[in-house]
Amino acid sequence: MRKPFSRPFGALWELTLWLVQLGTAAWSLWFALGMLLGTHLMIDMFNGLALPQWCRYVTGVLGLAGGIILLFPASCAVGAVLLMFVWLGLLIGDLLVTGQWLVEAMLIAGTFIIAWGRRERLPGSGDVRPEIMNGVGWW
């Protein structure tokens with residue numbers, strides 16, 4: 001059994017991961033609510049891509065689900081992988097419509113850091129400890 005904080009830099013690494021998780025979850029929830037509530041920015045982006053509005057709702061639900069999943073320790077790596085694909089799609093959409101990319105690129109980097117830092121919590125990783133999957137060892 002591994003000791004808590006046995007990773008490089010120990011508690012500092014865990015604190016950094018949690019801060020990145022909380023920040024990414026907050027941004028994801030903010031953007032997801034904007035998509036679901038129909039802000040002009042999101043409507044214009046999906047109209048500029050000639051996508052039907054139901055795609056905006058699906059993207060909003062995926063972003064909302066990913067942001068919520070990031071807050072649960074046992075499943076945060078799965079949420080990060082889900083959000084990585086959502087943000088990649090939004091990055092491509094924003095590049096094609098507005099030419100802006102910085103926020104989405106930062107969020108893709110954040111979700112990558114979370115997925116890499118919490119990779120032992122991904123299904124099939126081979127290093128999944130029972131106490132993590134039961135929600136007991138959530139550090």
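Over the protein, the mean pLDDT is 85, with 83% of the residues at 70 or more. Where pLDDT is low, the predicted coordinates should not be read in detail.

**Salt bridges**

- Two salt bridges are found in a search of the whole structure.
- One of them pairs E14 with R118, whose closest N and O atoms lie 2.7 Å apart. The pair connects distant parts of the chain, 104 residues apart: E14 belongs to helix α1 (residues 10-37), while R118 sits in the loop between α5 (102-117) and α6.
- E14 counts as buried because its relative accessibility is 6%, and R118 is buried because its relative accessible area is 0%.
- E120 and R121 form a salt bridge too, with 3.8 Å between the closest N and O atoms. E120 is buried, and so is R121.

**A buried arginine without a salt bridge**

- R56 is buried but takes part in no salt bridge. Side chains of opposite charge can pair when their charged atoms come close. For R56, the nearest side chain of opposite charge is D44, at 9.4 Å, whereas a salt bridge requires the nitrogen and the carboxyl oxygen to be within 4 Å.
- The side chain of R56 does make a polar contact of 3.3 Å with the side chain of Y57.

- F85, L88, I92, L96 and V97 make a nonpolar surface patch of about 500 Å².
- L88, one of the patch residues, is found in helix α4 (residues 76-97). L88 counts as partly exposed because its relative accessible area is 38%, which lies between the limits of 20% for buried and 50% for exposed.
- L91 also belongs to helix α4. L91 counts as buried because its relative accessibility is 15%.
- The C-alpha atom of L91 is 9.7 Å from that of L107, a residue 16 positions away along the chain.

Terms used
Residues are numbered from 1 along each chain as its sequence is written. This is a predicted model: local features need pLDDT of at least 70, side-chain atom pairs count only at pLDDT 80 or more; totals for chains, interfaces and linings use all residues. Side-chain values use heavy atoms; hydrogens and water are left out. pLDDT is the predictor's confidence in each residue, from 0 to 100. Patches are made of residues with over 30% relative accessible area and no salt bridge: like charges are joined within 9 Å, nonpolar side chains (Val, Leu, Ile, Met, Phe, Trp, Tyr) within 5 Å. Accessible areas come from the Shrake-Rupley method with a 1.4 Å probe; for residues, only the protein chains shown count as cover. Helices (H or I, at least four residues) and strands (E, at least two) are DSSP runs, numbered from the N terminus. Buried means under 20% relative accessible area, exposed over 50%, partly exposed in between (1.4 Å probe, protein chains only). Lys and Arg count as positive and Asp and Glu as negative; His and the chain ends are not counted. A polar contact is a pair of N or O atoms within 3.5 Å; within protein, one must be able to donate a hydrogen and the other to accept it, and residues adjacent in sequence count only if both atoms are side-chain atoms.
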